[in-house]
Amino acid sequence: MLVEATISEFEPVDLLDYRLPRLDEALPPSLGQYSQPHTQEWASRIASFDGFIMVTPEYNHSTSGVLKNAIAYLYAEWNNKAVAFVGYGGLGGARAVEHLRLIVGELQMADVRSQVSLSLFHDFDFSVFKPGDFQIEALNTPLDQVLAWSKALAPLRAA
């Protein structure tokens, strides 16, 4: 089972709450000159965190367009932060996670090795999420790694 102290350090961020349109900034995110209010709100939210667990479906051997778009909106707000992945799909989202690892590397994020892969055939019944107990236990490792790496990267974020 998950330890409550570990869970209490995490907060869900649902992309449905932000409704980001396709990237609509005039300047590249690496310049950090956001003109749109929705981008400024998104940047503020992401900047407030030290690390992330990204949950992704796999579509056509990659992540969802919505998640890719949300990531692409920002640059510095992602830098020097730890990230782990939970993927789901026919093959557990493995290819979506591999694609995300390339993306977060470009954003100077530190991706931890451990990940959780959920199968549409074993952890869902195509409408209800019902992972096995072993999946809940498997989540402890990436959670712990993100916490440890986030603390280790704190001096880089402060610089």
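Helices here are DSSP runs of H or I with at least four residues, strands are DSSP runs of E with at least two, and both are numbered from the N terminus. The model is predicted: local features need pLDDT of at least 70, side-chain atom pairs count only at pLDDT 80 or more, and totals for chains, interfaces and linings use all residues. Residues are numbered from 1 along each chain as its sequence is written, and side-chain values use heavy atoms, with hydrogens and water left out.

Start with the whole protein chain, coloured by secondary structure. The chain has 6 helices and 3 strands, in the order α-α-β-α-β-α-β-α-α along the sequence. Its C-alpha trace spans about 45 × 35 × 25 Å along the principal axes. Of the 159 residues, 41% are buried (under 20% relative accessible area with a 1.4 Å probe, protein chains only; exposed is over 50%, and partly exposed lies in between).

Next, select helix α3, residues 65-72. Its buried residues are Leu67, Asn69, Ala70 and Ile71.

Glu41 counts as partly exposed because its relative accessibility is 49%. Then select Tyr18 as well: Glu41 and Tyr18 are 23 residues apart along the chain, and their C-alpha atoms are separated by 8.5 Å.

Finally, show the charged side chains, where Lys and Arg count as positive and Asp and Glu as negative, with His and the chain ends not counted. The protein chain has 11 positive and 19 negative side chains.

Terms used
The place of a charge is taken as NZ of Lys, CZ of Arg, CG of Asp or CD of Glu.
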